[in-house]
Amino acid sequence: MSETPLFLVTLRLADDALILGHRLSEWCGHAPVLEEELALANLGLDLIGQARSLYTYAGEIEGRGRDEDRLAYLRRENEYRNALLVEQPNGDFAVTMVRQLIYSAFMHPFHRAMAASKDATLAGVAAKAEKEMAYHVRHSAEWVIRLGDGTEESHRRAQDALNALWPYAGELFEVDAPMRAAIEAGFVPDPESLRATFDATLAEVLAEATLTLPKLGSFQSGGRAGRHTEHMGFLLAQLQYMQRTYPNAAW
Amino acid sequence: MGVAVSLDLERQRAEAWAAAADVCDPEVPVLTIADLGVLRDVRIENGRVEAVITPTYSGCPAMNLIALNVEVALEEAGFTDVKVTTVLSPAWTTDWMSEEGKQKLAAFGIAPPKGKAGRRALFGEEVVACPRCGSADTQKVSEFGSTACKAHWRCRACAEPFDYFKCI
């Protein structure tokens, strides 16, 4: 009963935002320049803010008394439903920026469409997130262009990043049974309806960046069902450390 | 009798609004939450005062403190049954910032948001006047500044760095 389509899609959106926000937070103290340090922390903060609203709402839908902290910190790895893309390690700066571009080029039109959701809370989260995603796209696009159309070394790294991460882009468009039910109920947009916008954003940025998309026959998937890559356990060990060590610690 | 009661309620509501509206943004202390458009509503029902606030950005870390400060301000104004509610919708926009708020920002050395919020995602540049010398010969250093709501700019005329309150 608890895993209704509305609960599941809300949880997936929350997990995507939390895990990518956490990845960005790992750059704190390590970014290449001060401005970028602030930028990455800002982007991460937006995502964690979105995740908080979504977890709180998921807990209300579920009705079992789980709040945002319990959902964020006290689940097992196979209970996280984020896309595999967002848990991929930061790698070098090119990897971080290509990952951000793929995610935000998808989520910007997603939130724009979800702002018209029949679910008032999801619509409210999306109307705010759309504004934030707009500058996430802009920031990551500008960097991907600078790196791709930069030196021989930066071009090589940006192309390597794209080759490594592109197999994870397809999962964003995946529609399984609960997702289909949520689309039909008018809670979330059909990802297929966003494909043209996503493709156009990527094409414009990559052309400018002199980068090329690898040709793929299939894509990686499993995150939505809780089957993660080998990186997820390490990420959660760090993310959950405080709650596991000091259960119920609060700010 | 009925008229007197509703007038009394109206006066109480005005007092409660004034108390809540006086709370400052902890990150931009020259602006009140009313100047910012963060305070959306104050209502009184069955003796309980409810103040409704909305975050500027999803992850704005100042929201908890703002909510607490509103509660304290209302209690100091003599209201005992107080509640602060956070809403996300409609989404906050810099278009809600009062003219007075924009002037206070500029006087404080932060360039106020310029023009209307747009939906541009890719590329394009804004022209922002330096809050110190007024020159339009300025340059964006980074879209991300000391807080989520500000960008980092510099003026090429007076050579001073400055914050720009982003337009969203």
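Predicted model: local features only at pLDDT ≥ 70, side-chain atom pairs only at ≥ 80, totals over all residues.
**Notebook: chain A and its interface with chain B**

I started with the contacts inside chain A (contact means heavy atoms within 4.5 Å): among those between residues at least 6 apart in sequence, 81% join residues at least 24 apart. Residues are numbered from 1 along each chain as written, chains are lettered from A in the order written, and side-chain values use heavy atoms, with hydrogens and water left out.

Next, the fold of chain A. I found 11 helices and zero strands there, taken as DSSP runs (helices H or I, at least four residues; strands E, at least two). The C-alpha trace spans about 55 × 40 × 30 Å along its principal axes. Of the 251 residues, 55% count as buried, that is, under 20% relative accessible area with a 1.4 Å probe, protein chains only.

Then I turned to the interface. I see 26 residues of chain B in contact with 31 residues of chain A. The two chains bury about 2500 Å² between them, 59% of it on carbon and sulfur atoms; that is the accessible area (1.4 Å probe) lost on being put together, summed over both.

Which side chains meet in a salt bridge? They are E143(B) and R138(A), at 2.4 Å, N to O. The rule (a side-chain nitrogen of Lys or Arg within 4 Å of a carboxyl oxygen of Asp or Glu) finds one salt bridge across this interface.

Key: Buried < 20%, exposed > 50% of the residue type's maximum accessible area, 1.4 Å probe, protein only.
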